[in-house]
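Thanks for asking me to look this one over.

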Amino acid sequence: MAGFDDPGVFYSDPLYSEDGQSEVGANETNTAIQKKFYDFLRTFMDDTNVYCYREALKHHYNLRQYWLEVDLEDLRNFDESLADKLVKLPSLHLALFEDAAKDVADEVTRPRPPGEEEMREIQVMLRSDSNPVQVRQLKSTDMAHLVKVPGIIVSASAVMAKATQLTIQCRSCRVYKSNIPIKPGMEGYMLPRTCTTEQAGRPKCPVDPFFIVPDKCKCVDYQTLKLQESPDAVPNGEMPRHMQLFVDRYLVERVVPGNRITVMGIYSIKKVSQGKAKKGTHEKTSVGIRRPYLRVVGIQVETEGHSRVSVGEALSPEEEEAMQQLARQPDIYNIFSNSIAPSIFGSTDIKRAIACLLFGGSRKRLPDGLTRRGDINLLLLGDPGTAKSQLLKFVEKVAPIGVYTSGKGSSAAGLTASVVRDPATRGYIMEGGAMVLADGGVVCIDEFDKMREDDRVAIHEAMEQQTISIAKAGITTTLNSRCSVLAAANSVFGRWDETKGGENITFMPTILSRFDMIFIVKDHHDVTKDERMAKHVMKVHLNAQQPDDDSEGELPLAIMKKYIAYCKRKCGPRLSEEAASKLKNRYVMMRNSARQHEHESQRKTTIPITVRQLEAIIRISESLAKMSLSPFATEVHVDEALRLFQVSTLEAAMSGSLSGAEGFTPENDQEIVRKIEKQLKNRFPIGSQVSEQRIVQDFVKQVSVLVVYCCNVDW
C-alpha cells in the first residue's frame with residue numbers, strides 16, 4: 001500500500017487544452033505582448049545594421065516630438081503572430097505598443113534635463129505596403145480591424161480638444177473621482193447617475209450629482225476629416241462615397257482639403273446622433289444602429305497630382321546639389337520648356353510662357369503696406385483641337401499645387417468662397433473654392449468663355465489683388481488666393497474667324513487686362529506642318545506604353561515639381577537698373593504704336609495696353625531669372641520677356657477688323673484693303689443702308705482698279 005496516502009502533484013498545461021489544441025493566444029497576458037513590442041523596438045535592426053526604431057525614438061524625443069512611425073512589414077519580419085494580433089485587434093494592442101514605446105524612450109533618453117524627468121506619452125503611427133481597400137469595399141467583417149484606405153480629403157474641421165482622463169466632482173458631498181480613462185476615438189463617457197459616497201450624518205446625494213472639473217482633466221488635440229474615394233475607383237454611373245476620419249495628437253494638421261492620401265486606421269463605429277423623436281415612435285428602435293468611421297493611426301500623403309506637401313518638403317543635401325547643378329546649366333530655359341507636355345507637338349512659345357507661369361515673379365510688399373503680385377496669368381484663346389485642355393491638365397500635374405476646373409461647371413462661389421450652414425452645429429461656416437485651395441500654386445480654368453459674365457466678374461479681385469473678400473451671413477473676412485490663373489477659351493464663333501478680327505473676343509477689357517499674356521492659337525493649314533504633326537501623333541500612340549528613349553533633355557515630372565518648389569522658395573529676383581531703363585523705353589514705344597493703331601483703325605483695341613502690361617513684362621523677366629536662380633533680371637531676360645509679350649498680347653491687341661487678310665494676301669494688298677475700308681468709312685455715314693451698286697459706281701469714279709479687287713474679296 002506504499003504511496004496510498006501520497007496526494008501527488010496536480011497541474012494544468014497552459015499550452016494545450018483537453019483536446020490538445022493551442023491556447024497561447026487566449027492565455028497570453030498583456031504583459032507578455034507588451035514585452036514582445038518592447039523587444040521589437042529595442043532590438044530590431046534595418047538593412048544597414050542600425051537600431052532604427054530605438055534611434056528614431058531618441059531623436060524625436062530630444063526634439064520634443066513624441067511620436068514614432070513603425071512599418072508593419074518590419075514587425076511582421078520580427079514576429080508574424082504579433083503583427084497579426086495588431087491587425088486583428090488593434091485597439092488593445094496599439095495601447096500596449098505605445099506603452100512599450102514609452103518604456104524604450106525612457107531607457108534611451110536617460111539622463112534627462114532637470115524638470116523633464118516625467119515621461120511623455122508616445123504616439124505610435126503605422127504604415128504598410130499592403131494593397132489598400134476602397135471605401136465601398138469596407139464591410140461589417142472589417143469592423144475593429146486595421147484597414148488601409150485611399151482617397152481625397154474634401155473637408156477638415158478645426159483642431160479641438162478631447163479628454164483622455166477625466167476628473168469629476170459631486171456637487172453635494174464635494175468628493176472627487178480622478179483619472180477616469182476615456183476610450184480613444186469618438187466614444188464619449190457617460191457620467192454616473194448616483195454618488196456612492198456614504199458619510200455619517202449626511203443625506204444621500206441626489207441623482208446626477210457629478211460635473212466635470214476641466215482644470216484636472218488631461219486632453220489631446222483631435223480633428224475630424226472627410227475622406228472621399230478616388231475618382232478612378234468610382235464605378236460608372238455612381239456617386240463617390242465618403243468616410244469620416246478621426247485623427248488625434250501629432251496626426252492633426254497633417255493634411256488639408258485637396259490632398260490625395262492613403263490612411264491606416266481602425267474601422268470603428270459610433271452612435272448615431274438622435275434627433276427629436278416623432279410622435280408615435282420610440283427612440284429605442286435604432287439602439288443597435290451605428291455609423292462607421294475610421295480612427296486613423298497613420299497617414300501617407302501622395303505627392304503626385306495636386307498636393308501641398310511638395311511645397312514645403314525638405315530636400316536632402318544630394319537633392320539640393322542636383323537642383324543647383326540644374327540651375328547652372330546655360331540652356332535651362334529651353335530644357336524646362338521642352339519638358340512641358342512633350343507629347344504635344346509644337347506650341348513652343350506657349351510652352352515657354354507656361355514655364356514662366358509655373359515659376360512666377362517676385363511678390364513685393366511696398367512701404368505703404370500694399371502688395372504687388374508676382375504670379376503670372378495666362379489665357380489661351382483660339383481654335384478647338386489645338387491641345388489647350390491637354391496643356392492645362394499637364395500644368396495641374398506638374399505644379400506643386402494645382403487645381404483644375406471647367407468654366408461651365410464652375411460658379412462664382414465655387415471659384416472663390418461660399419458661406420454654408422454646418423449640419424452639425426447649425427452655424428454658418430466658410431468653405432474655400434478652387435482659387436483658395438490653389439493658394440501658392442496654379443488654378444487651371446478650362447472653357448473660360450462658357451462661364452457666365454457674373455461669375456467671371458467675381459474673380460477680378462482674386463486675379464489682381466490676390467485676395468477674396470467675403471461679407472455674408474455675419475462673416476466678414478478676407479482670404480488669400482495667391483495663385484496663377486491658366487485659362488483656355490474658344491472664339492465666339494467656335495473657330496477663329498479671320499474676317500471678324502476683334503469680334504472673336506467677347507471678354508471685357510477689365511478681365512483681359514488682368515492676363516499677363518494672351519495667346520491666340522490658330523489652326524493653320526500647312527502641308528509640311530501637318531505631316532510632322534501626324535508623324536508625331538502616330539509616334540505618341542504607337543509608343544504609349546513604352547518609355548521614350550530618344551527624348552533627351554526632358555526632365556522627369558517629379559524633378560520638375562521639386563525644381564519649381566525649390567526655385568520659388570530660394571529665389572526672389574529683382575530688375576537691374578539697365579534692364580529697368582530698357583524696359584521703360586520699350587513700354588513708351590508700345591503705347592505709341594497702340595495709339596497709332598487705334599487712330600488708323602478708328603476704334604479702340606480689344607485688349608488694352610496699360611500699366612498692368614508693363615508689370616506683366618517685369619514679372620515675366622523675374623520668372624526667367626528665377627528659372628536659373630539669378631538674383632537679378634538682366635537685359636537678356638527683358639529681351640526674352642518682351643519677345644514673349646510681343647508674340648502673345650501685342651499680336652492679339654493689334655488684331656483689327658481687317659486682320660482676316662493676314663495669311664491670305666500679301667502685305668501690299670493688305671494695305672490697299674485697309675485704305676479702301678478707310679475710304680468707305682469716310683464716304684458713307686455709320687448705320688446708313690447703301691446698295692452695292694451705288695458703292696461700286698462711286699468707287700469707279702475715283703479708282704477703277706481697286707473696284708475689281710473689292711468685288712473679288714466680297715466687300
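This is a predicted model: local features need pLDDT of at least 70, side-chain atom pairs count only at pLDDT 80 or more; totals for chains, interfaces and linings use all residues.

1. A word on terms before we start: buried means under 20% relative accessible area, exposed means over 50%, and partly exposed lies in between, with a 1.4 Å probe and protein chains only. Residues are numbered from 1 along each chain as its sequence is written, and side-chain values use heavy atoms, with hydrogens and water left out.

2. The overall picture. The protein has 23 helices and 23 strands; these are DSSP runs numbered from the N terminus, helices being H or I of at least four residues and strands E of at least two. Of its 715 residues, 40% count as buried. The exposed surface comes to about 40100 Å², and carbon and sulfur atoms supply 52% of it. Accessible areas here come from the Shrake-Rupley method with a 1.4 Å probe, and for residues only the protein chains shown count as cover. Taking contact as heavy atoms within 4.5 Å, 72% of the contacts between residues at least 6 apart in sequence join residues at least 24 apart.

3. Salt bridges. A search of the whole structure finds 26 of them, each being a side-chain nitrogen of Lys or Arg within 4 Å of a carboxyl oxygen of Asp or Glu. One is formed by R136 and E238, whose closest N and O atoms are 2.7 Å apart. R136 lies in the loop between β2 (123–127) and β3 (146–156) and E238 in the loop between β7 (218–228) and β8 (242–248), so this pair ties together parts that are 102 residues apart in sequence.

4. Because R372 sits in strand β12 (residues 371–372) and E615 in helix α19 (residues 611–627), the pair ties together parts that are 243 residues apart in sequence. E615 is partly exposed, with a relative accessible area of 22%.

5. The salt bridge of R373. This residue pairs with D516, with the closest N and O atoms 3.3 Å apart. R373 is in the loop between β12 and β13 (378–382) and D516 in the loop between α15 (509–512) and β21 (517–521), so the pair ties together parts that are 143 residues apart in sequence. Both R373 and D516 are buried. Salt bridges that share partners join R373, E464, D516, R612 and R619 into one network.

6. Surface patches. Patches are made of residues with over 30% relative accessible area and no salt bridge; like charges are joined within 9 Å, and nonpolar side chains (Val, Leu, Ile, Met, Phe, Trp, Tyr) within 5 Å. Lys and Arg count as positive and Asp and Glu as negative, while His and the chain ends are not counted. The place of a charge is taken as NZ of Lys, CZ of Arg, CG of Asp or CD of Glu. A negative patch gathers D523, D526, D530 and E531. Of these, D530 belongs to helix α16 (residues 527–542) and is partly exposed, with a relative accessible area of 37%. A nonpolar patch is formed by M533, V537, M538 and L542, with about 380 Å² of accessible area together; M538 is in helix α16.

7. The surroundings of D446. Which residues touch D446, leaving aside its neighbours within four places in sequence? They are S389, L392, Y404, T405, S406, G407 and A488. D446 itself is in strand β17 (residues 442–446) and is buried, at 7% relative accessibility. The C-alpha atoms of D446 and A489 are separated by 6.8 Å, although these residues are 43 apart along the chain.

8. Backbone points to check. Most residues other than glycine have a negative phi, and most peptide bonds are trans. A cis peptide bond joins R110 and P111, with omega about -10°, and P111 is in the loop between α6 (90–108) and β2. A144, in the loop between β2 and β3, has a positive phi of about 70° and is partly exposed at 35%. R174 has a positive phi of about 60°; it lies in the loop between β4 (160–170) and β5 (176–181).
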